[in-house]
Amino acid sequence: MPGRTTPALTFTRLDGQTAPEIITELTDVYAKVYGVPRYVGDAFFSVETFASRLTGAFEMGGFELVTARLADGALAGYVHGVTLATDRPWWASLGDVVPADVEKAAETGDVFWLRELMVLPEHTGQGIGRALHDEMVRGRTESWTTLTCITDNEPARSAYPRWGYEVLPRTIKHAEESPVYDPMLLPPQGSR
């Protein structure tokens with residue numbers, strides 16, 4: 001199998017004031033990524049529901065979005081997240097499966113919650129997702145990173161452990177109507 005070549009990418013960091021300027025592009029990417037039979041018709045994955053979750057995130061502490069653009073300026077994908085608030089029901093539901101040092105880090109605002117990572121279908125398999133992830137995490141001040149991944153969302157579910165994430169031994173749901181997720185933790189850079 002020939003080696004994968006990641007195309008040249010330009011990354012741009014946006015905050016809660018600047019990200020809304022490209023909301024149409026962001027929802028267009030979402031519509032393409034989630035416009036597949038598995039998700040079509042599920043209200044949780046509708047573009048409108050996503051847009052509501054995304055615009056709500058603009059107001060959350062530490063919100064940041066990183067875009068990856070190709071040489072021609074086309075958006076290939078993006079990632080966004082916030083500083084984890086420990087009162088999030090999914091986080092609180094993990095209880096004793098969260099290591100004590102991570103729980104303490106969360107209480108002091110030292111955990112980044114990576115909320116979404118998307119790459120357009122025509123650009124998958126080129127290393128863009130990993131490049132976006134690494135760019136985001138590298139630029140954050142928090143020591144730890146957490147995310148949740150739909151339990152059967154392959155190839156993403158298998159990628160995160162390869163990238164250094166530990167899968168916690170309890171599944172969660174973000175809402176009654178949401179799918180089941182595996183929560184994951186990425187330790188601080190120096191401890192990997």
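1. A quick definition to start: helices here are DSSP runs of H or I with at least four residues, and strands are E runs of at least two, numbered from the N terminus. With that in hand, V97 sits in the loop that links α3 and α4. Please keep in mind that this is a predicted model.

2. Let's stay with V97 for a moment. Its relative accessible area is 16%, and buried means under 20%, so V97 counts as buried. Leaving out residues up to four places away in sequence, V97 touches L168, P169 and R170.

3. Next, helix α1, which covers residues 23-33 and has L26, T27, V29 and Y30 as its buried residues. These four lie on the same side of α1, because they cover an arc of only 155 degrees around the axis. Their packing partners are α2 (47-58) and the strands β2 (64-69), β3 (75-83) and β4 (111-119).

4. The largest nonpolar core has 38 residues, and F63, Y78, W91 and L94 touch the most other members. Elements giving two or more residues to this core include α1, β3, α3 (89-92), α4 (100-107), β5 (144-150) and β8 (180-186). The biggest contribution comes from α2, with 4 residues.

5. F63 deserves a look of its own. Setting aside neighbours within four places in sequence, its contacts include L14, A19, L54, F58, H80, V82 and R140.

6. Finally, there is a second, separate core of 23 residues, with F112, L117, V137 and W163 among them.

Note on methods. Residues numbered from 1 in each chain as written. Predicted model: local features only at pLDDT ≥ 70, side-chain atom pairs only at ≥ 80, totals over all residues. Heavy atoms only, no water. Buried < 20%, exposed > 50% of the residue type's maximum accessible area, 1.4 Å probe, protein only. Arc of directions from axis to C-beta. Contact = heavy atoms within 4.5 Å. Core = buried A, V, L, I, M, F, W, Y, C linked by side-chain atoms within 4.5 Å.
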